[in-house]
Amino acid sequence: MMDKWTFGFTMVVVGMGGTICTLIVFSLIMSALKKVFPYKKEEDN
């Protein structure tokens, strides 16, 4: 059985790792969407 410090450290690593992985996945999704739907400047008439 883990003591409370080991458990706390494990939770910190898992939580931060999950957050970083989620941010990387969102970044990849956004860059893919930018390639699918490129930005076009609207022209004023």
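Biologist: Where does L23 sit?
Modeller: L23 is in helix α1; helices are DSSP runs of H or I with at least four residues, strands are runs of E with at least two, and both are numbered from the N terminus. This is a predicted model, where local features need pLDDT of at least 70 and side-chain atom pairs count only at pLDDT 80 or more, while totals for chains, interfaces and linings use all residues. Residues are numbered from 1 along each chain as its sequence is written, and side-chain values use heavy atoms, with hydrogens and water left out.

Biologist: Is L23 buried or exposed?
Modeller: L23 counts as exposed because its relative accessible area is 54%. Buried means under 20%, exposed over 50%, and partly exposed in between, with a 1.4 Å probe and protein chains only.

Biologist: And how far is L23 from V12?
Modeller: Their C-alpha atoms are separated by 17 Å, with L23 and V12 11 residues apart along the chain. In the other direction, K35 is 12 residues from L23 in sequence and 19 Å away, C-alpha to C-alpha.

Biologist: What about K35 itself, buried or exposed?
Modeller: K35 is exposed, because its relative accessibility is 72%. K35 is also placed in helix α1.

Biologist: Switching to T22. What does its side chain contact?
Modeller: A polar atom of the T22 side chain lies 2.7 Å from the backbone oxygen of G18. A polar contact is a pair of N or O atoms within 3.5 Å; within protein, one must be able to donate a hydrogen and the other to accept it, and residues adjacent in sequence count only if both atoms are side-chain atoms. T22 is in helix α1, which covers residues 4-36, and T22 is partly exposed because its relative accessibility is 41%.

Biologist: And I20, how is that one classed?
Modeller: I20 has a relative accessible area of 47%, so I20 is partly exposed. I20 is in helix α1 too, and its C-alpha atom is 26 Å from that of D3, 17 residues away along the chain.

Biologist: How many helices and strands does the chain have?
Modeller: The chain has 1 helix and 0 strands. Its C-alpha atoms fill a box of roughly 70 × 20 × 5 Å along the principal axes.

Biologist: What share of the chain is buried?
Modeller: Buried residues are 0% of the 45 residues.

Biologist: Last one, charges. How many positive and negative side chains are there?
Modeller: There are 5 positive and 4 negative side chains, and the centres of the two sets are 9 Å apart. Lys and Arg count as positive, Asp and Glu as negative, and His and the chain ends are not counted. Each charge is placed at NZ of Lys, CZ of Arg, CG of Asp or CD of Glu.
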